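Have the sequence and the 3D view ready.

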Amino acid sequence: MSRASQSEGEAPTSGAMETRRVLESVTDEDVLALFQQLWRPKTVSKLVEECGIPKSTAYRKMDELESSGLIAPVGETGRAASPATKYRRTVDEIRIRIHDSVTVEYLTHQTHID
């Protein structure tokens, strides 16, 4: 059985995160590259520039991260006619423990600022 937990003293994360989806996401090199660059809110265009990932791949992988609950949109930037969504991490640290079952802990250490 899988379960998500929060370590004592850490800020809770929003929503339940499915362990299988998270494990699949964090084993993908493109997903990891995108997640690691989200130490502050950024647009997909900025992430494409920083990670060297094709734009279509980046959008698909960002959808995976958002579906996993690991990132969330935080606002828009750019022109009113064509705004770009900024994304941020919802967690700072993911711990995976394997004992009798798989446990995934999501830790948030600080407030994310634009």
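## Two packed helices

Helix α2 (residues 29–37) and helix α3 (residues 44–51) pack at an angle of about 115°, with their axes 10 Å apart. Here, axes are lines fitted to C-alpha atoms, for helices over the stretch in contact, and angles run from 0 to 180 degrees between N-to-C directions. α2 and α3 are therefore roughly perpendicular to each other (that label covers 65 to 115 degrees). The contact, meaning heavy atoms within 4.5 Å, is made by these residues:

| Helix | Range | Contact residues |
|---|---|---|
| α2 | residues 29–37 | Ala-33, Leu-34, Gln-37 |
| α3 | residues 44–51 | Leu-47, Glu-50, Cys-51 |

This is a predicted model: local features need pLDDT of at least 70, side-chain atom pairs count only at pLDDT 80 or more, and totals for chains, interfaces and linings use all residues. Residues are numbered from 1 along each chain as its sequence is written, and side-chain values use heavy atoms, leaving out hydrogens and water.

Which residues of α3 are buried? Val-44, Leu-47 and Val-48 are, where buried means under 20% relative accessible area (1.4 Å probe, protein chains only). They cover an arc of only 105° around the axis, which puts them on the same side of α3; the arc is that of the directions from the helix axis to the C-beta atoms. Their cover includes α2, β2 (42–43), α4 (55–67) and β4 (84–89).

Zooming out, the chain has four helices and six strands, which are DSSP runs (helices H or I, at least four residues; strands E, at least two) numbered from the N terminus.

Terms used. Angles under 35 degrees count as roughly parallel, over 145 as roughly antiparallel, 65 to 115 as roughly perpendicular and the rest as oblique. Buried means under 20% relative accessible area, exposed over 50%, partly exposed in between (1.4 Å probe, protein chains only).
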